[in-house]
Amino acid sequence: MCGCINRACLAPGSACMSARVPSKPALGSWLTGCSGGTPPLGYNVDTDKKYVVNEAEARAVRIIFDMYAANHGYGDIIAALNKEGYKTKTGRPFGKNSLHEILKNKKYAGIMYLTFQPAKDRLAGAIITNPRDRKM
């Protein structure tokens, strides 16, 4: 073959190329932590678009994870949070859905994603959560 298809696919701005390479804004926001939208409970976004801890909200997050680790159910955790006057990021009382979203959010474990799935290193078979961890 003459490679005409390959040249067209590798042309700058082509759909093939953009599907394989993350955009600079996406990569930059991944490395700094904030990709837009509402930050998770316990965090705010500073002027450099990096997450900074919001201590008032972080206390609620610590209560959630401590009680969950101590085998308390959603009802007990929600009752404790609402009794103390804690609110969600949107200013509402805690409910089962808001609690579930916090407990399943991988950002609290320090895992950030470029997409909804972590990158997989095809050579080692390891999950890559930070591109700097990839071994060449």
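1. Let's start with Thr 88, which sits in the loop between α5 and α6. Keep in mind as you look at it that this is a predicted model. Is Thr 88 buried or exposed? With a relative accessible area of 13%, Thr 88 is buried, because buried means under 20%.

2. What does Thr 88 touch? Its side chain and that of Thr 90 are joined by a polar contact of 3.0 Å. If you leave aside the neighbours within four places in sequence, Thr 88 is in contact with Leu 41, Pro 93, Phe 94 and Ser 98.

3. Two packed helices are described by the angle between their axes and the distance between the axes. Here, helix α5 covers residues 74–84 and helix α6 covers residues 96–104. Their axes come within 10 Å and cross at roughly 100 degrees. That angle makes α5 roughly perpendicular to α6, since 65 to 115 degrees counts as roughly perpendicular.

4. Which residues make the contact between α5 and α6? From α5 come Tyr 74, Ile 77, Ile 78 and Leu 81. From α6 come Lys 96, Leu 99, His 100 and Leu 103. Sorted by class, the contact has six nonpolar residues, one polar and one charged.

5. Next, have a look at Glu 55, which belongs to helix α4 (residues 55–69). The side chains of Glu 55 and Arg 62 are joined by a polar contact of 3.3 Å. There is also Gly 42 to find: Glu 55 and Gly 42 are 13 residues apart along the chain, and 6.6 Å separates their C-alpha atoms.

6. A few whole-chain numbers to finish. The protein chain has 136 residues, and 22% of them count as buried; Thr 88 is one of the buried residues. The chain exposes about 9900 Å², with carbon and sulfur atoms supplying 57% of that area. As for contacts with a separation of 6 or more, 36% are between residues 24 or more positions apart.

Key
Residues numbered from 1 in each chain as written. Predicted model: local features only at pLDDT ≥ 70, side-chain atom pairs only at ≥ 80, totals over all residues. Heavy atoms only, no water. Axes fitted to C-alpha atoms, helices over the stretch in contact; angles between N-to-C directions. Helix = DSSP H or I, 4+ residues; strand = E, 2+ residues; numbered from the N terminus. Parallel < 35°, antiparallel > 145°, perpendicular 65-115°, else oblique. Contact = heavy atoms within 4.5 Å. Nonpolar A, V, L, I, M, F, W, Y, C, P; charged D, E, K, R; others polar. Buried < 20%, exposed > 50% of the residue type's maximum accessible area, 1.4 Å probe, protein only. Areas by Shrake-Rupley, 256 points an atom, 1.4 Å probe, with all protein chains shown as cover. Polar contact = N/O pair within 3.5 Å; in protein donor to acceptor, adjacent residues only side chain to side chain.
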